[in-house]
Amino acid sequence: MMPPLDTRRWQSHGPPPPQGGVGPPCPVCGVSRWVEIGGGKAKDVHHPNIDRYSHPNVDIVADLETNNLPFHDGHATRIKAIHSLQHLSRDACRRMLRECYRVLVPGGQIYIMINDMAFLAQRMVDDGVCEEWLNSVFHDPTDTAGGHHKWGYSFETMKAELEAAGFVGVDFEHFYNRWEFCLSAVRA
C-alpha cells in the first residue's frame, strides 16, 4: 500500500465561487431569480437550491438526472452549478444545460465549477492511480447513495457543451483547486 499522496501543492489556487443568497423576485412568479443546481448541504448557495436529496438547505427536491428545472422560460438571471454537473450522466448534463439556457433571461449567466478531467488524468499518469486522484474522479469510494461522478470534462469539452446548448461568451474564470476549474457563460 502506497502512503497517501500530498496534494497540498495543488490546493487553493483561486477564489471561492460567487456568494449565494436570495436574488430579486421574478416579476412573473415571485420566486428568486438566482438558482442553484445541486447545491445540497452547502451553506453558501443561491435560493432556490435544487437537489436530489432533501436537506434543510434544499428548497426543491428533484432528480436532475431525469427532471427538468421547475421554472418558466426566462425565469432566472443567475444559475450556479458547483460540483453538480459531473454527478449527471453525459446526456443528462446536456439536457440540464439546455434547461439552464431555457430558464435564463437573455444576458443571464451560468457559473460552473467542475473537476478538470484532463488534469486528473495527467496526475494519474504522473503520480499513479492513487486514492487521492481517484476520489476526485469518482467521488467518495464509500458512497452507495448515487452521489458518485458519472462523467468528466475539460474546459474545452465543457465549453463545447455550453455552446451546443446555445450559450455564448464562455469564459475560463480560474482554478479553485488545480483539479477543478470555474467557468461562466451567457444566454444569448
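Q: Is histidine 83 buried, partly exposed or exposed?
A: Histidine 83 counts as partly exposed because its relative accessibility is 24%. The cut-offs: buried is under 20% relative accessible area, exposed is over 50%, and partly exposed is in between, with a 1.4 Å probe and protein chains only. Bear in mind that this is a predicted model, where local features need pLDDT of at least 70 and side-chain atom pairs count only at pLDDT 80 or more, while totals for chains, interfaces and linings use all residues. Residues are numbered from 1 along each chain as its sequence is written, and side-chain values use heavy atoms, with hydrogens and water left out.

Q: Where does histidine 83 sit?
A: Histidine 83 is in the loop between β6 and α1. Those names come from DSSP runs, numbered from the N terminus: helices are H or I with at least four residues, strands are E with at least two.

Q: What's the phi of histidine 83?
A: Phi there is near 50°, a positive value in a residue other than glycine. As background, most residues other than glycine have a negative phi, and most peptide bonds are trans.

Q: Speaking of peptide bonds, where is the cis one between a histidine and a proline?
A: Histidine 47 and proline 48 are joined by a cis peptide bond, with omega about 15°. Proline 48 belongs to the loop between β3 (46–47) and β4.

Q: OK, sheet time. What's the strand order?
A: The order is β5-β4-β2-β6-β7-β9-β8, seven strands in an open sheet with mixed pairing. Two strands pair if DSSP finds at least two bridges between them.

Q: Which strands are at the edges?
A: β5 (60–61) and β8 (167–175) are the edge strands, each pairing on one side only.

Q: And what packs on that sheet?
A: Helix α1 (residues 90–103) does, touching β2 (34–37), β6 (76–82), β7 (104–115), β8 and β9 (180–187). A touch, or contact, means heavy atoms within 4.5 Å. The direction of α1 makes about 150° with that of β7. Axes are lines fitted to C-alpha atoms, for helices over the stretch in contact, and angles run from 0 to 180 degrees between N-to-C directions.

Q: How do β6 and β7 run, and how many bridges join them?
A: They run parallel, joined by six bridges. Alanine 76 stands opposite leucine 104 in β7.

Q: How many residues of β7 are buried?
A: Nine of its twelve, so I'd go with mostly covered.

Q: And over at β5?
A: Strand β4 (residues 49–51) is parallel to β5, with two bridges joining them. Aspartate 51 stands opposite valine 61 in β5.

Q: Switching to helices: how do α1 and α4 cross?
A: The axes of α1 and helix α4 (residues 155–164) come within 9 Å and cross at roughly 50°. α1 and α4 are therefore oblique to each other. For the cut-offs, angles under 35 degrees count as roughly parallel, over 145 as roughly antiparallel, 65 to 115 as roughly perpendicular and the rest as oblique.

Q: Which residues make that contact?
A: Cys93, Arg94 and Leu97 on α1, with Met158, Glu161 and Leu162 on α4. They split into four nonpolar, no polar and two charged. In that scheme Ala, Val, Leu, Ile, Met, Phe, Trp, Tyr, Cys and Pro count as nonpolar, Asp, Glu, Lys and Arg as charged, and the others, Gly among them, as polar.

Q: Is glutamate 161 buried or exposed?
A: Buried, because the relative accessible area of glutamate 161 is 14%. Not counting residues up to four places away in sequence, glutamate 161 touches Arg94, Leu97 and Tyr153.

Q: Last one: how are α2 and α3 arranged?
A: The axes of helix α2 (residues 117–127) and helix α3 (residues 131–138) come within 10 Å and cross at roughly 160°. That makes α2 roughly antiparallel to α3.
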